[in-house]
Amino acid sequence: MTSTIDIKIEKIPKSRVGDYDVNDVPFGKCFSDHMLVAEYADGKWQNACITAYRDMPMSYALSALHYGQAIFEGMKAYKNDKGEVALFRPLENFGRMNKSAIRMAMPEVPEEIFMGGLLELLRLDSAWVPSSETGSLYIRPFLIATDEAIGVKASDTYKFIIITCPAGKYYNEPIKVLIETNYFRAVEGGVGFVKAAGNYGRSLFPTKLAQQKGYHQVIWTDAKTHDYVEESGTMNLMFIIGGTLITPSVSDTILSGVTRDSVLTLAREWGLKVEERKISIKEIFEAHKNGILEEAFGVGTAATIAHIISIGYEGIDHDLPPIEKRAFSPKMDEALRDIRKGRVEDKFHWMMKL
Ligand code: COI
């Protein structure tokens, strides 16, 4: 995609970064100095600008609020041991954002704005990137419909925005999950494979019910039979059964996660047997009964690797081996960290320096 869009830069006179300990802030609540905003109107992208992080004036008729034409990405920048800032596989998120845009009848964002704007933004706000072992700058690009009209139709105008926030660990402890068999997250022919805001909104009620029962998250199952597991919360799901890494294959109902792909790539490189296929609840609990369900974990940008310590199903909690006894996921967590921290060769060219 080509275009000639200048990105205007309005740098704030004084950074707010000194007001925070960027290595110790809650996830997603403290936003860095600048943001990127670009507008789509009259069939073209225009007015791209990096400016002070600020509130958005908007109409109560804003179409994104009523009909959910809203998509987003989640990505991260890291500070390596030399103090250099680098993005992790940003082109994957750029590509996926535009897949989401197509599915939601929204205009694709040009690379010049997404990538060019993001690199400029990070250059301005690099002091906000944590240097701690598990810290990163979480990056939230999003695209919303901005017509002031409540007729149901694809909007004619949009805003693309990038905001960023320092982040530590998403989960501070191994998680307990509940297999959800009443509600579903996604259905064939739907939008489960894209990062549509509505996928997350619809997940909150079943998640709240699970949390009231003492679980952190749910495991989503397929909408037709509820026999097969799909994702966990906002993460892709992986199991180690009898030494094989098994994960649901990407489909209409499963997000093609960047962390998912990174874990599978490294696992294959390490010589582990990897299977991307359907996995049934029955298979999981048979493996558990036979003592070969060695690990279960979620993988995602925000969480990286979230160890699953217990899986609830039909009133019974099935406990998994303690993290210290797991051979794969702690090692994978460390391997990803080593790449991000610049401690090992970046064989797959995943890190993009500013
Ligand atoms: C991500 O991992 O980026 C996600 O999408 C999770 C987010 C909704 C917090």
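About 1900 Å² is buried between domain 1 and domain 2, and carbon and sulfur atoms give 61% of that area. Buried area here is the accessible area, with a 1.4 Å probe, that two parts lose on being put together, summed over both. This is a predicted model, where local features need pLDDT of at least 70 and side-chain atom pairs count only at pLDDT 80 or more, while totals for chains, interfaces and linings use all residues. Residues are numbered from 1 along each chain as its sequence is written, and side-chain values use heavy atoms, with hydrogens and water left out.

The domains, then. Domain 1 covers 2-167 and domain 2 covers 175-340; the bounds come from an automatic or database domain assignment. Their C-alpha centres are 28 Å apart. Domain 1 puts 22 residues into the contact and domain 2 puts in 21, contact meaning heavy atoms within 4.5 Å.

R337 makes a salt bridge with E133, with the closest N and O atoms 3.5 Å apart.

Which elements give two or more residues to the side of domain 1 that touches domain 2? They are β4 (70-72), β5 (75-79) and α2 (90-103). Of these, α2 supplies the largest share, six residues. Helices (H or I, at least four residues) and strands (E, at least two) are DSSP runs, numbered from the N terminus.

On to the core. The largest nonpolar core has 53 residues, and W45, L87, I113, F114, I139, L143 and F160 touch the most other members. Such a core is a set of buried Ala, Val, Leu, Ile, Met, Phe, Trp, Tyr and Cys residues joined through side-chain atoms within 4.5 Å. Both domain 1 and domain 2 give residues to this core, so it lies between them. A second, separate core has 24 residues, including M235, F239, A296 and Y313. Back to F160: beyond neighbours within four places in sequence, its contacts include W45, M97, I113, F114 and L143.

Last, two backbone notes. D42, not a glycine, has a positive phi of about 50°. D42 sits in the loop between β2 (34-41) and β3 (44-52), and is exposed at 71% relative accessibility. Buried means under 20% relative accessible area, exposed over 50%, and partly exposed in between, with a 1.4 Å probe and protein chains only. H349, also other than glycine, has a positive phi near 55°. H349 is in the loop between α8 (329-340) and β18 (351-353), and is exposed with a relative accessible area of 69%.

Technical notes
Salt bridge = Lys/Arg side-chain N within 4 Å of Asp/Glu carboxyl O.
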